Each structure stands twice: as C-alpha cells, then as structure tokens.
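Here are my notes on this model, as promised. Have it open in your viewer while you read, and go through the points in order.

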Amino acid sequence: MTNQSNNGAIRALGIDPGLGTLGYGVVSQLGNLLICESYGVIKTPPKLSLSQRLSCLYSELGTKAREFPPDMVAVEKLFFGRNVTTAEMVWQARGVVLLFAAQLGFEPYEIKPSEVKLAVCGYGNAEKGQVQGMVAHLLGLEKNPSPDDAADALAIAIAGLAMRNYDQNILKGY
C-alpha cells in the first residue's frame, strides 16, 4: 500500500507504541514543506484480553493506513529501566506495529527518543514541551498537538522523514 496520489509528497506514519494508548501521526513532506494530515490515539479497553487489545491495535492501524496510505513507517525505539510490566506491554504493542509495517511492505525507521528530539529540536535532551512546541511550529499548527502520545507520534513521523531524507542523500552521494 503506497501513496501514489499525493503530488510527489512523501507520507510518513509515525507511531508512539503503547498497549492502552497508541499515538499515531501522519505527516507529509513536499520539498521543505511539512504537512500534518492526521493525528490522534488508538485506545484499547483494559477489560479486553491482551490478544484482543493487540488485535484492536492492528485493526485500527489498518484503518488509518487505508485512510492515509503511508510511504514509510517510523516507530519509537524503546528502552525501559524499571517497570518491567509496563515495558512488556509496550514491547508487545511495538511488535504489532513492526508486523503491521512489514505487512505493508516497509522496513520501519526505528528511532530512539533522543534521535526524535534531535531531529525536531536540534537537541537530543530537549524537554517534552520543547518538542511539542517545535512540532506545532514545523507543522504550522495553531497550538501544541495533544494528547502527548499523538504529539510524540507526529514528532516520530517528522524524525522518520528526516532520516529518510538523510538516507536518500547518502544514496545520491552527498
């Protein structure tokens, strides 16, 4: 599934993985212009079993991809130090995202939080508010996107586009 009718723009689907709340952001790039097409969250009811919640994430991601066919997928690369239970749930949701991207035919850009901050703010240790402010500025939004998971997904999409541009320039020899 690729985006053939977007006037040469590249459309990125950015994903901030989570089991209870998964953030998504769709950003297109046409030359130097970044365009926010959609963002939000996919929530799964805690009363459902783990497999039902993962299935819900997969299904909803499919709905978003049909509505906004991506040319690439970017997902946050995670690391956790303390809460193993939370980490396990997020890793499982992330696995669904990786499967989803593979089934669309993409090798997703897996981006560390510090790389997202560097791509969006020019500083790998930027605060969350700084990132949200720069996302709003880069996308021409009137206010900072919310909720946080959706704002993070937009930042991930922007970082994914930046990484793709870098890769394309390397292939061209500059």
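1. Ground rules first. Helices (H or I, at least four residues) and strands (E, at least two) are DSSP runs, numbered from the N terminus. This is a predicted model, where local features need pLDDT of at least 70, side-chain atom pairs count only at pLDDT 80 or more, and totals for chains, interfaces and linings use all residues. Residues are numbered from 1 along each chain as its sequence is written, and side-chain values use heavy atoms, with hydrogens and water left out.

2. Fold layout. The protein has 5 helices and 5 strands. Reading from the N terminus, the elements go β-β-β-α-β-α-β-α-α-α.

3. Overall dimensions. The C-alpha trace spans about 50 × 35 × 35 Å along the principal axes.

4. Burial and surface. Of the 174 residues, 44% are buried; buried means under 20% relative accessible area, exposed over 50%, and partly exposed in between (1.4 Å probe, protein chains only). The protein exposes about 9100 Å², and carbon and sulfur atoms supply 52% of that. Those areas come from the Shrake-Rupley method with a 1.4 Å probe, and for residues only the protein chains shown count as cover.

5. Take the contacts (heavy atoms within 4.5 Å) with a separation of 6 or more: residues 24 or more positions apart account for 60% of them. On the charge side, there are 15 positive and 16 negative side chains, and the centres of the two sets lie 2 Å apart. Lys and Arg count as positive and Asp and Glu as negative, while His and the chain ends are not counted. Each charge is placed at NZ of Lys, CZ of Arg, CG of Asp or CD of Glu.

6. The largest nonpolar core. Which residues touch the most other members of this core? I15, L22, L57 and L61 do, in a set of 21 residues. The elements giving two or more residues to this core are β1 (10–16), β2 (21–30), α1 (50–67), β4 (72–76) and α2 (84–104). The largest share, 6 residues, comes from α2. For the record, a nonpolar core is a set of buried Ala, Val, Leu, Ile, Met, Phe, Trp, Tyr and Cys residues joined through side-chain atoms within 4.5 Å.

7. Not counting residues up to four places away in sequence, L22 touches I15, D16, P17, G40, V41, I42, L57, L61 and V97. There is also a second, separate core of 20 residues, which includes A74, V116, A126 and A157.

8. A126. This residue is found in the loop between α3 (113–121) and α4 (128–139). Is A126 buried or exposed? At 3% relative accessibility, A126 counts as buried. Setting aside residues up to four places away in sequence, A126 touches K117, C121 and V131.

9. A153 lies in α5 (residues 148–172) and is buried, with a relative accessible area of 0%. Neighbours within four places aside, A153 is in contact with G14, I15, D16, G23, Y24 and G25. D152 is also in α5, and at 17% relative accessibility D152 counts as buried too. Beyond its own neighbours within four places in sequence, D152 is in contact with D16 and K128. D152 and Y24 are 128 residues apart in sequence, yet 8.2 Å apart C-alpha to C-alpha.

10. L171 lies in α5 and, at 70% relative accessibility, counts as exposed. The C-alpha atoms of L171 and D149, 22 residues apart along the chain, are separated by 33 Å.

11. One for the backbone check. Most peptide bonds are trans. The bond from S146 to P147 is cis, with omega near 0°, and P147 lies in the loop between α4 and α5.
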